[in-house]
Amino acid sequence: MNKILLIEGDGIGPEVVREAHKVLDAVSRRHGLALEYEQALLGGAAIDASGVPMPDATLEAARRCDAILFGAIGGPRWDGLDRSIRPEKGLLQFRSALQLFGNLRPAILYPQLAAASTLKQEVVAGLDILIVRELTGGIYFGEPRGIRTLDNGERQGYNTYVYSESEIVRIARVAFEAARKRQGRLCSVDKANVLEVTMLWRELVSELGARDYPDVALSHMYIDNAAMQLVRAPRQFDVLVTGNLFGDILSDAAAMLTGSIGMLPSASLDINNRGLYEPCHGSAPDIAGQDKANPLATILSAAMLLRYSLNQSAAAEAIETAVSRVLDQGLRTADIHSEGMHKVGTREMGDAVVAALA
Ligand code: NAD
């Protein structure tokens, strides 16, 4: 029995999580998976119910479960609150309490949506890459940090870029394992010509690859070149692995290649492959409650949940294939701007994915 925690969140969160739940139920019946669900509150919904954005009960529920499927949090209703109890704070606390260091962000451009990308169709059609970003270390968390006043009275901002051996090896392992489940190619992105942290990064990733993953084709690229290659010839990549700062930038750039924010799933894993799965978009208060949200990013996040936390690759693929079939049928939600497709609502899109499951 695998236990999944459902956290709907705010805005369009409940709408998209319900569709993904529906798809998970349908695929688990077909593949004979035994799934059990719990529900918990996070963000604005938790503030309304208990006064805090991340109740202890939510963290306890997360620790009891094998994986978490999450919608999104936040909205204008809570924007006036103090930063320390805002919905976003709850999500940050949640991620850090669960030590989710491995962030997986696929960027897939379905051929049916090639015209919706900002790049030329011949450059991006068929794009399918995975960016693995270290999420809990690096310069965003390094100490010391701050803004100090120098003896001459000038102010100086400073941060510390630091990665320990164990942090590098554990994220590299996540990336090698992911590459094994895909096309078997991994590109490690660093700035080893300038930064000592990433000299160590390159050394350890190389050692780990040679020792434990000789079947994965490993290459290295400097961050500046990687950014350029990502928009010049993105299909050359299979899996990219990098630190927190470079990963933040590369994953957003890669996201833009795929045509719509409503199509982008993500996973954040801990050391035991337990994970938080969520769409990359926010709670979209502008369209909440109108049956307009695209549920595919959350449905594809549920597919990642099956693949990475429950080791059910066949069931994951079944969902991904069903999504592709739905696009083949010419269905789209309002966020996808592609000529000649038929616009449907959130529920209808979820139902169509269920119907398209093999
Ligand atoms: P957003 O992603 O919610 O929305 C940006 C635009 O994209 C909006 O026009 C929205 O309608 C559209 N959009 C987003 N998801 C969509 C979907 N599935 N289908 C169709 N259209 C979609 O970003 P924002 O407007 O900057 O933020 C809104 C709220 O979400 C804020 O409170 C913000 O703090 C929060 N937020 C939460 C998360 C999270 O929970 N992980 C992430 C980002 C933003």
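Modeller: A disulfide here is a pair of cysteine sulfur atoms within 2.5 Å. The model is predicted, so local features need pLDDT of at least 70 and side-chain atom pairs count only at pLDDT 80 or more, while totals for chains, interfaces and linings use all residues. Residues are numbered from 1 along each chain as its sequence is written, and side-chain values use heavy atoms, with hydrogens and water left out.

Colleague: To how many disulfides does the count come by this rule?

Modeller: The rule asks for cysteine sulfur atoms within 2.5 Å. By it, the count comes to zero.

Colleague: Is C65 buried or exposed?

Modeller: Buried means under 20% relative accessible area and exposed over 50%, with partly exposed in between (1.4 Å probe, protein chains only). C65 has 2% relative accessibility, so C65 counts as buried.

Colleague: Is α10 roughly parallel or antiparallel to α11?

Modeller: Helix α10 (residues 296-309) and helix α11 (residues 313-328) pack with axes 7 Å apart, at an angle of about 160°. Axes are lines fitted to C-alpha atoms over the stretch in contact, and angles run from 0 to 180 degrees between N-to-C directions. Angles under 35 degrees count as roughly parallel, over 145 as roughly antiparallel, 65 to 115 as roughly perpendicular and the rest as oblique. Therefore α10 is, relative to α11, roughly antiparallel.

Technical notes:
Helix = DSSP H or I, 4+ residues; strand = E, 2+ residues; numbered from the N terminus.
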